[in-house]
Amino acid sequence: MKEDNVALIGFMGVGKTSVALQLSKRLGKGYISTDNLVVKKAGKPISRIFEEDGEIRFRELEIEAVKEAASMRNMVIDCGGGVVLNWINVEYLKRSSTIILLKARPEIILKRISKCKEVRPLLKDLRLENLVRLLKFREPFYERAADYAIDSSNLSIGKVVDEVIKLYESSSYEKQR
Ligand code: S3P
């Protein structure tokens, strides 16, 4: 089977990391996060990369991180929310992974992000209208990159994981035939 990785994409706060961690256990795959790889490469947290080096530098490191993650085998790849903005990232992912988009309604995303301690440089001004604007701009990028999509708004993490496994297994079956 060629596509043995599962890549989770989607906007900040849709639950990619929680889902990816459970999914990797359930599928017996490794877990890798493009954000963690970027932090390792830069030797500093994402907020400081944005502050000191700018978003463009962050995106360069992110391209390296996606390339590295996509070249691994048998992984669940937890992708930063902006990975889809550079098409080269999607090309890397498509070679080795089934790409699953997690979606959620803006109000739900806002609630989840507000509860979280992690600093997200692109959502410092946490107002619904800002989030909706960014989400609208990003939507076509997400839709174009995804093999499948799941709306996680009303689902527990466990249920989203169940759905991802169903989709991944049906896609593996179709690709084997
Ligand atoms: C970003 C999402 C973040 C992180 C960075 C930029 C984005 O990852 O990569 O702050 O552009 O959407 P999460 O989606 O894991 O929060």
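Trainee: Which residues lie nearest the centre of the largest pocket?
Mentor: Lys16, Thr17, Asp35, Glu118 and Arg120, out of 38 lining residues. A pocket here is an open set of points on a 1 Å grid over the protein atoms alone, where a 1.4 Å probe fits, with protein on both sides within 12 Å along at least five of seven lines; lining residues have an atom within 4 Å of a point. The model is predicted: local features need pLDDT of at least 70 and side-chain atom pairs 80 or more, while totals for chains, interfaces and linings use all residues. Numbering runs from 1 along each chain as its sequence is written, and side-chain values use heavy atoms, without hydrogens or water.

Trainee: Which helix or strand gives the most to that lining of the largest pocket?
Mentor: α1, with 4 residues. Elements supplying at least two residues each are α1 (16-27), β2 (30-33), α2 (34-42), α3 (46-53), α4 (55-70) and α8 (157-176). Helices (H or I, at least four residues) and strands (E, at least two) are DSSP runs, numbered from the N terminus.

Trainee: And how does the lining of the largest pocket split by class?
Mentor: It has 17 nonpolar, 12 polar and 9 charged residues. Asp, Glu, Lys and Arg count as charged, and Gly goes with the polar ones.

Trainee: Switching to the ligand. How many residues surround the ligand?
Mentor: There are 13, each with a heavy atom within 4 Å. Lys16, Asp35, Arg59, Arg120 and Arg138 are the closest. By class, the shell divides into 5 nonpolar, 3 polar and 5 charged residues.

Trainee: What are the distances from ligand oxygen atoms to the side chains of Asp35, Arg59 and Arg120?
Mentor: For Asp35, a side-chain N or O atom is 2.6 Å from a ligand oxygen. For Arg59, a polar side-chain atom lies 2.7 Å from one, and for Arg120 the distance is 2.9 Å. The protein buries 97% of the 380 Å² that the ligand exposes when taken alone, by the Shrake-Rupley method with a 1.4 Å probe.

Trainee: How much space lies in the second largest pocket?
Mentor: About 160 Å³. Of its 15 lining residues, Lys103, Ala104, Ile109, Leu135 and Glu139 are the closest to its centre.

Definitions and conventions
A polar contact is a pair of N or O atoms within 3.5 Å; within protein, one must be able to donate a hydrogen and the other to accept it, and residues adjacent in sequence count only if both atoms are side-chain atoms. Grid points are joined across faces, edges and corners, and a volume is the space filled by probe spheres set on the points.
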